[in-house]
Amino acid sequence: MLLQIALRKKASSLTALVTAAAIALLPMPAAHAQAKGPPILRDTETEQLLREYTRPILRVAGLEKQNIQMVIINEGSFNAFVADGRRIFVNYGAIMQSETPNQIIGVLAHETGHLAGGHLSKLREQLANAQTQMIIAMLLGAGAIAVGSTRGSNSAGNNGLANAGAAAIAGPQEMIRRTLLSYQRQQEENADRAGVKFLTATQQSPKGMYETFKRFTSESLFAARGTDPYLQSHPMPAERVASLQEFASSSPYWDKKDDPALQLRHDMARAKISAFMERPETVYRRYPQTNDSMPARYARAISTYLHGDLRSALAQIDALIQVQPNNPYFYEVRGQALLEGGKPAEAIPALRKAVQLSNNAPLIEMLLGQALVGSDNKAYTDDAVRILRAAVAREPEAALGYMQLAMAYGRKGDYAEADLASAQAAYLRGDNKTARELATRAKTRFAVGTPGWVKADDIVAAKPPRN
């Protein structure tokens, strides 16, 4: 299930600054600083693969117990970054453009280097120090300007004093900016070295990281030709890649290849992203009928159902299931195709199988709950409530789960819980006005002090996130 979900919390200016310390192989688009934050993609198959990529790296970095989350951003450019110490953000374009698992794993190892090095907190300290220095410089400069103006506006000497005051402001600002950029460049170099260290410790090749960085040296957005190297937040590409090659090539695992089974899973995830995110003609150029590989068949099957030919899509998906009968994501796609094709009751068996094979993956449980609710069979109502409650307990920030839970409770006639679930869904979507209205109504339906009443009261009292 590939879903696009907008982040509820607004991006702060500090986060925008901290993001500059991330890998940023391409500059962050301005759209990422919009009010509701960057849109994200949710998919169990791809997220599970990224978790497996990062788990051994996080373990050797001492971050295994920090519950670091992988977040896929709905951007086709190649980028990955850390912004809050809890999550690694990866553009879907970075997955698409990584031809091997090792290439994206190298990027994730670099980002783990930022987390392990505490670069975010250290950068915040640098920013705080810079702000203090800036304020002092501005006060001193403003004082010189004020003195110049009080001694007469026609005196050349006084004009000189005022100009000196302006220079006293501009000069330190430029110096502080260069100092911060130099600090960020050093962080990038440190993250490169840490990433290689983690890859070596997990017996993985650092060649993928080197290949990825080297590839971008020839692209204008990354190469930054003709620019002042002291005004760059990242090391100049040629220097960075040369340095990376020097210490990465000494790894005893430099020539180690990815496991073929892992390569297949990587290619399957890329095929799925292509099918969902690219135009059908693009999908068929990437995966023509002459390509009989599993990833190509997967991409074509998904693209076929997305563009209206449900019968052909189901035949293609069933053929994939015959090859891999224990692949939960084939059943998930089959169920999703039927659900979106207006056949929720027929989707239920496939989605139940997908839930079973995926060890109760919450996003797939939400799809199953949606099918149960959409079937109009009241016998499924209690089952839908049970499954959806379990799903939102593990994925408490997924509005879709609460929306379906609200419908299930409404079908049961439990309007207090229905209002509460609707309020939670609205709050997660960032619609605070609707959330408060629904939560206020829910409070009148619950007994005072009960868990439902307390949750509704929390939503009523919640303040919208600040910019």
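Author: Buried here means under 20% relative accessible area. By that cut-off, both Tyr298 and Phe330 are buried. Bear in mind that the model is predicted.

Start with the overall search. Across the whole structure, 4 aromatic pairs turn up. One of the pairs joins Tyr298 and Phe330. Their ring centres lie 5.2 Å apart, with the planes at 70 degrees. Planes over 60 degrees apart count as edge-to-face, so the Tyr298 and Phe330 pair is edge-to-face. Now place the two residues. Tyr298 sits in helix α12, residues 294–306. Phe330 sits in helix α14, residues 328–340. The pair therefore ties together parts that are 32 residues apart in sequence.

Another pair is Phe81 with Phe89. Here the centres are 4.9 Å apart and the planes meet at 5 degrees. Planes under 30 degrees apart count as stacked, so Phe81 and Phe89 form a stacked pair. Both Phe81 and Phe89 are buried too.

The structure has 1 cavity of 30 Å³ or more. The volume of the largest cavity is about 30 Å³. Its lining includes Leu372, Val373, Asn377 and Tyr380. Thr381, Ala384, Ala408 and Arg411 also line this cavity. By class, the lining has 5 nonpolar, 2 polar and 1 charged residues. Three helices, α16 (362–374), α17 (381–394) and α18 (399–412), each supply at least two of the lining residues.

How values were computed
Residues are numbered from 1 along each chain as its sequence is written. This is a predicted model: local features need pLDDT of at least 70, side-chain atom pairs count only at pLDDT 80 or more; totals for chains, interfaces and linings use all residues. Side-chain values use heavy atoms; hydrogens and water are left out. On a 1 Å grid over the protein atoms alone, a cavity is a set of points where a 1.4 Å probe fits but cannot get out, and a pocket is an open set with protein on both sides within 12 Å along at least five of seven lines; lining residues have an atom within 4 Å of a point. Grid points are joined across faces, edges and corners, and a volume is the space filled by probe spheres set on the points. Helices (H or I, at least four residues) and strands (E, at least two) are DSSP runs, numbered from the N terminus. Ala, Val, Leu, Ile, Met, Phe, Trp, Tyr, Cys and Pro count as nonpolar, Asp, Glu, Lys and Arg as charged, and the others, Gly among them, as polar. Rings of Phe, Tyr and Trp (its six-membered ring) pair if their centres lie within 6.5 Å; planes under 30 degrees apart count as stacked, over 60 as edge-to-face and the rest as tilted. Buried means under 20% relative accessible area, exposed over 50%, partly exposed in between (1.4 Å probe, protein chains only).
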